Amino acid sequence: MPGIKHQIYQCADAGSVVCPCFLAESGHCVQCSLLQGEELCHCLWSGVCVYNEFAWRREEPRPPREEISAEIRGKEYLSPDTVQLTLLVPEDFWRECRNAGSYVLVRANERPAMFDTPMVVSDTGTKEPSIVLIAQALGPKTKALEAANALVRLKGPFPNGLLGYRYLERLTGARALLVARGVCQGAALPVARQLIAQGNTATAMVDPGQTGRVFVAGPFGDLGIPIREGSLLDDEGKELLHRILSTEKIDLIFSGGSDLQHLHIREVVRAIDLRIPMVVTNNQTVCCGEGICGGCQVTTVDGQSVRTCKTVLKMEDLWV
Ligand SMILES: Cc1cc2nc3c(=O)[nH]c(=O)nc-3n(C[C@H](O)[C@H](O)[C@H](O)COP(=O)(O)OP(=O)(O)OC[C@H]3O[C@@H](n4cnc5c(N)ncnc54)[C@H](O)[C@@H]3O)c2cc1C
Ligand code: FES
């Protein structure tokens with residue numbers, strides 16, 4: 001398109017209650033080329049016009065997500081260092097957590113904001129507005145969270161925890177392969193539920209990783225998703241992945257694990273000459289979730305610096 005200086009990505013928060021945000025004010029809106037200082041609109045966005053909204057608001061950004069206190073309703077150890085927390089949240093907060101890829105920033109109540117840690121919403125309650133987080137206690141932030149018993153501080157929800165979410169959103173009547181390792185089993189749960197709710201079928205390959213346990217066996221069983229245990233780090237697991245992809249017709253792959261795992265799966269897909277869209281966990285360092293701190297910034301294959309907490313990305317945008 002003439003006049004475009006660079007590719008325009010979409011913003012996960014566009015048209016939401018936090019849009020236009022501080023980035024509109026500073027000329028760094030993720031998706032509005034006009035607010036970025038260009039002369040023409042290139043956003044190809046059919047939702048609420050960010051530029052128009054900003055003008056209507058007399059160039060005043062909307063306030064970011066507020067921090068709230070949430071009561072811990074349940075605490076259960078899934079393995080010695082992996083804890084499942086059920087938190088009571090306001091109803092509108094709960095409603096916004098239901099899509100796969102939703103995550104929150106959470107910290108133990110008595111800790112300062114520097115303890116905020118991103119955690120996937122693994123489940124949402126049906127009897128009361130509650131959310132479930134599954135945290136592996138690794139370092140200062142997660143160990144403090146593990147020790148919490150009564151209250152936590154919570155910010156969110158944020159919608160952009162997955163790269164390639166758009167592939168999942170559109171998938172119906174198809175078959176998916178879920179690959180999850182360690183605590184990322186928690187991120188696989190909402191993906192599995194959404195896939196089945198949209199009329200798909202799925203099979204799974206789960207590696208207990210450092211948690212030492214396949215804790216999704218129960219919920220996956222309820223969803224009719226068979227699990228094969230295997231580590232992508234050993235030859236047997238690699239062989240299993242190869243076999244599943246060569247013999248079953250898989251239309252989408254979810255990878256919950258490290259970037260290395262995502263890339264390894266893609267390598268196997270390419271080696272058998274398949275083209276299967278992938279939805280993967282975003283593993284960048286997320287601190288503010290609002291596109292401000294820069295902690296989650298990466299360089300895309302077309303050379304742009306983007307903030308992955310806000311920018312809607314696919315694996316192909318980050319790795320050739
Ligand atoms: C969108 C998203 C969702 C996540 N969901 C979960 C989840 O559901 N359950 C879970 O146990 N973990 C999850 N994580 C990872 C979790 O946030 C980190 O393990 C945690 O922040 C580690 O902090 P720490 O101080 O306990 O440990 P550290 O010792 O500081 O770090 C341990 C590991 O976590 C990484 N890490 C540290 N801080 C962050 C950060 N702010 N953002 C991302 N990675 C970080 C480090 O690079 C290191 O690899 C998620 C991360 C992201 C980005
Ligand atoms: S987490 Fe702060 S800019 Fe993305």
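E59 is exposed, with a relative accessible area of 53%. The cut-off for exposed is over 50%, so E59 counts as exposed at 53%. This model is a predicted one. Where does E59 sit? It lies in the loop between α2 (50-56) and β1 (67-79). E59 also has a positive phi, about 60°, although it is not a glycine. Most residues other than glycine have a negative phi.

D273 has a positive phi of about 60° too, and D273 is not a glycine either. Is D273 buried or exposed? D273 has a relative accessibility of 71%, so it counts as exposed. Its place is the loop between α9 (259-271) and β12 (278-281).

## Two cis peptide bonds

Most peptide bonds are trans. Now look at two bonds in this model. The peptide bond from C19 to P20 is cis, and its omega is near 0°. P20 belongs to the segment before α1 (22-25).

The peptide bond from G156 to P157 is also cis. Here omega is near -10°. Which element holds P157? P157 is part of strand β6, which covers residues 151-158.

Is I8 buried or exposed? Its relative accessibility is 15%. The cut-off for buried is under 20%, so I8 counts as buried.

What does I8 touch, apart from its neighbours within four places in sequence? I8 is in contact with V30, Q31, S33, Q36, H42 and C43. R107 makes another reference point for I8. The two are 99 residues apart in sequence. In space, their C-alpha atoms are 34 Å apart.

Helix α4 runs over residues 140-147. Which of its residues are buried? They are T142, A144, L145 and E146. An α-helix has 3.6 residues a turn, so residues three or four places apart point the same way.

What do the buried residues of α4 pack against? Their partners are β1, β2 (82-88), β3 (103-108), β4 (117-124), β5 (130-136) and β6. One of these strands, β6, contains P157.

## Ligand 1 and its pocket

The space taken by ligand 1 is the largest pocket. The elements giving two or more residues to the shell around ligand 1 are β4, β5 and α4. Which element gives the most? That is β4, with 4 residues.

There are 18 residues around ligand 1. Which come nearest? They are T117, P118, I134, Q136 and T142. T142 is also one of the buried residues of α4.

P118 uses its backbone, where an N or O atom lies 2.8 Å from an oxygen atom of ligand 1. K141 also uses its backbone, with an N or O atom 2.9 Å from an oxygen atom of ligand 1.

How much of ligand 1 does the protein bury? Taken alone, ligand 1 exposes 840 Å². The protein buries 72% of that area.

Methods. Residues numbered from 1 in each chain as written. Chains lettered and ligands numbered in written order. Predicted model: local features only at pLDDT ≥ 70, side-chain atom pairs only at ≥ 80, totals over all residues. Heavy atoms only, no water. Buried < 20%, exposed > 50% of the residue type's maximum accessible area, 1.4 Å probe, protein only. Contact = heavy atoms within 4.5 Å. Near = heavy atom within 4 Å. Polar contact = N/O pair within 3.5 Å; in protein donor to acceptor, adjacent residues only side chain to side chain. Areas by Shrake-Rupley, 256 points an atom, 1.4 Å probe, with all protein chains shown as cover. 1 Å grid on protein atoms, 1.4 Å probe; cavity = no way out; pocket = protein on both sides within 12 Å on 5 of 7 lines; lining within 4 Å. Sits in = over half its atoms within 2 Å of the grid points.
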